[in-house]
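My notes follow the model as displayed.

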Amino acid sequence: MASPHHFLPKRILFRSLLCRLPTLPLAAIEKTDLAAVGDAGYALHRIPAIVVTPQGSVLAAWEARKLGRGDWDHVDIFLRRSTDHARTWEPARKLVGQDDLPAGMQRNPAAVAAGLGREGVFTLNNPTWVGDPSTGETHLLYCAEYGRAFILTTRDGGARFTRPREITQAFDTFRSRDGYAWRVIAVGPGHGVRLTSGRLVVAVWLSTGEGGHAHRPSICATIYSDDRGATWQAGEIVARHPDPLPNPSETAVVEAEPGRVLLSIRSESPRNRRAFAWSVDGATRWTIPEFQDALWEPVCMAALARIEPAKPYQPAVLLYSHPASLEKNPRSSAASVSRIRQNLTVRASRDGGHTWPDSVVVEPGPSAYSDLAVLPDGSILCLYEGGEKGPYEKLTLARIPATSLLKRE
């Protein structure tokens with residue numbers, strides 16, 4: 001006998017499925033807006049990145065876009081800091097700005113050729129955290145003009161940072177070893193991971209820059225450090241356009257367990273599904289990416305994180321945040337794989353990322369990029385883009401009790 005859903009229009013069916021995802025009472029999810037349109041004289045605040053430092057403070061970083069939503073223009077990196085487990089926040093401050101660029105900085109030739117950006121200003125993009133409890137350090141990686149990569153470090157939980165140090169040489173191997181003549185590079189965004197081995201791993205994507213927005217065609221990979229962030233090396237390419245994925249780009253990384261590192265890959269596949277690849281060390285021997293039928297999305301950045309097990313014999317819980325939406329954007333072309341960015345959802349897996357049975361809707365309305373972190377008490381922090389009329393009106397920090405998401409605890 002046919003299911004009654006068989007006779008529902010696709011849009012009504014999709015919305016009925018969304019309603020099945022549990023929504024916590026508003027009192028259970030605490031929300032704080034960290035930045036909004038117009039704050040500090042910037043037209044837009046996008047691309048969230050959040051981390052809990054070894055000192056216990058919480059750091060939120062993002063791109064402050066001076067004129068609007070474009071990637072290629074005057075963009076600075078801002079920061080807010082909390083020292084009480086994300087309940088209150090210090091005022092926003094510019095962490096890296098135009099004055100922090102190296103002498104002789106040039107615009108990216110790929111952007112110039114595509115008529116993107118403006119003379120005299122530069123984009124500072126894709127803030128990406130990675131913490132190292134063994135040293136007490138928290139690093140922030142970012143790129144300038146999608147062509148040079150930098151790192152700066154705090155050793156006191158975000159009160160002070162070192163001057164930016166260039167690590168663009170980490171990407172040179174993609175040219176010399178792999179023959180990939182990149183003109184555009186990007187880290188993250190969001191956060192990287194420290195593996196049990198001590199290795200620091202950050203996901204990256206690169207492009208030769210001839211295609212749309214000078215970000216396509218693209219490949220994805222990782223860079224890593226085995227000396228606590230002093231030097232960085234290029235990992236193996238995980239996926240490249242067009243096979244096995246069309247334009248693989250923004251990728252999230254997590255250590256599911258020692259010896260099993262997971263990459264969750266964004267692509268422009270018409271399947272509108274996340275793709276997973278696995279490695280033993282976060283740099284080599286990647287499996288061929290496979291689509292995850294349960295993780296549908298509108299083509300967007302997503303995040304991964306890990307809750308450490310309470311007892312040694314228990315598995316870690318993996319977390320995944322994304323806009324769980326397949327609703328067609330009526331303004332897109334018929335052939336477009338892009339969908340409406342909405343219904344930001346956090347999911348949980350207890351079996352190393354194979355299934356994701358537990359989920360909670362954090363923001364049912366317009367919502368897009370997000371990043372995740374976990375407090376010492378197990379509370380989940382989700383920093384995400386959202387708004388009432390569109391997904392880029394503000395950056396909001398949601399604090400989610402772990403026991404509310406993990407129904408079987």
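I count two strands as paired if DSSP finds at least two bridges between them. The model is predicted, and I kept that in mind throughout.

**Entry 1: strand S14**

I started with strand S14, residues 218-225. S14 and strand S16 (residues 239-240) pair in the antiparallel sense, with two bridges. In that pairing I found Cys220 opposite Ala239 of S16. I then looked up strand S15 (residues 233-234), which also pairs antiparallel with S14 over two bridges.

Next I checked S13 against S14: the two run antiparallel and are joined by eight bridges. Trp205 is the residue opposite Cys220 in this pairing.

**Entry 2: burial of S14**

How many of the eight residues of S14 are buried? I found eight of the eight, so the strand is largely enclosed by the rest of the structure. The cut-off for buried is under 20% relative accessible area.

I also sorted the side chains by direction. In a regular strand they alternate between the two faces of the sheet. In S14, Ser218, Cys220, Thr222 and Tyr224 point one way. Ile219, Ala221, Ile223 and Ser225 point the other way, and both sets are buried.

**Entry 3: Val202**

I moved on to Val202, which lies in strand S13 (residues 200-207). Is Val202 buried or exposed? Its relative accessible area is 0%, so I logged Val202 as buried.

I listed its contacts, leaving aside neighbours within four places in sequence. Among them are Thr222 and Ile223, which point opposite ways from S14. The list also includes Thr128, Val130, Leu141, Val187, Gly188, Gly192 and Trp232.

Val202 and Thr135 are 67 residues apart in sequence, and their C-alpha atoms are 18 Å apart in space.

**Entry 4: the open sheet**

Last, I traced an open sheet of seven strands, paired antiparallel, in the order S1-S26-S25-S24-S23-S22-S21. Its edges are strand S1 (30-36) and strand S21 (303-307), each of which pairs on one side only. From one strand to the next, the twist averages 25°.

Strand S25 (residues 380-386) and strand S26 (residues 394-400) are antiparallel, with seven bridges. Ile380 sits opposite Ile400 in S26.

Note on methods
Residues numbered from 1 in each chain as written. Predicted model: local features only at pLDDT ≥ 70, side-chain atom pairs only at ≥ 80, totals over all residues. Heavy atoms only, no water. Helix = DSSP H or I, 4+ residues; strand = E, 2+ residues; numbered from the N terminus. Axes fitted to C-alpha atoms, helices over the stretch in contact; angles between N-to-C directions. Buried < 20%, exposed > 50% of the residue type's maximum accessible area, 1.4 Å probe, protein only. Contact = heavy atoms within 4.5 Å.
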